[in-house]
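Subject: A structure for you, with notes on its pockets

Hi,

Here's the structure I promised to pass on.

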Amino acid sequence: MKIYLAGIESLTEQEAQYVKRTKVNGLASFYNMNTKTEELIPYLDNFLLDSGAFTLFSAGKIVDWDAYITRYANFIKRNNIQRFFELDIDVLVGYEKVLYLRNKLEDLVGRPAIPVWHKFRGRENFLEMCDNYQYVAIGGIVSGEIKRSEYPVFSYLISEAHKRQARIHGLGFTNLTKLPIYHFDSVDSTGWLAGNRFGHITNFNGYTLVNEKVPTGHRLAESGRRVKFHNLQQWIKYAQYADTKF
């Protein structure tokens, strides 16, 4: 299983230089893309690009989706990006519009996007997607659309995808106790950034990640950069372990 570190747009210069020297899978959002991140892409072992469309809408922007899809396609072509997600905005514009935008994106780029399935599309839509695409994704995990009690359905979805020779990505799925159980081909996580938000240090113990609270008397603001860099290194170790063990 490949674990992609999401949010690589937030890498500092020190972290970016470390990533360039290390085997790393990275995911970035087109909406948050900057020159520094764009220059990093060729150094990554594997790269996934998210459209950032939902983030754009959530920021209160009025969006011309046709114009946005053209800019997205131009970026993909300029950087020769092989793996990129469709505009995952069913809840905003409906599935028919998403399908239209997917087809337009693929026509502009000349290769398939990674379609993102949501449970309200239904079982038959998922199976059809797996028949037609070599790489598919499951959405709605982070948002809670798919509840924890429903996670066992992943076994079925993964099995059906693999029967159809399709690889499957779990968007935002990094439940550390479940990763060894559900055999996604890839997942992504912003967990390496969580230490700064929640005040913990992450360590890889040889088979999983363990979080420890920052000791009393140590202000995270004073050591945040060191903590973030440390957590990045530990997540990379874990991703390298998952690549061979899961």
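This is a predicted model: local features need pLDDT of at least 70, side-chain atom pairs count only at pLDDT 80 or more; totals for chains, interfaces and linings use all residues.

Residues are numbered from 1 along each chain as its sequence is written, and side-chain values use heavy atoms, with hydrogens and water left out.

Let's start with Phe54. It sits in helix α3, residues 53-58 (helices are DSSP runs of H or I with at least four residues, strands are runs of E with at least two, and both are numbered from the N terminus). Phe54 counts as partly exposed because its relative accessible area is 41%.

Now the holes. On a 1 Å grid over the protein atoms alone, a pocket is an open set of points with protein on both sides within 12 Å along at least five of seven lines, while a cavity is a set where a 1.4 Å probe fits but cannot get out; lining residues have an atom within 4 Å of a point. Grid points are joined across faces, edges and corners, and a volume is the space filled by probe spheres set on the points.

The largest pocket has a volume of about 1200 Å³. It's lined by 42 residues, and the closest to its centre are Val142, Ser143, Leu171, Gly172 and Asp188. Elements giving two or more residues to this lining are β2 (25-29), α3, α5 (90-93) and β7 (186-189). Helix α3 turns up again here, giving the most, with 4 residues.

The second largest pocket comes to about 210 Å³. Its lining includes Gln82, Arg83, Tyr133 and Arg167.

And how many cavities of 30 Å³ or more are there? The count is 1. The largest cavity holds about 70 Å³ of space, and among the residues lining it are Ile3, Lys23, Asp45 and Asp243. Both β1 (2-6) and α10 (220-245) supply at least two residues of that lining, with α10 providing the largest share, 4 residues.

Note on methods:
Buried means under 20% relative accessible area, exposed over 50%, partly exposed in between (1.4 Å probe, protein chains only).
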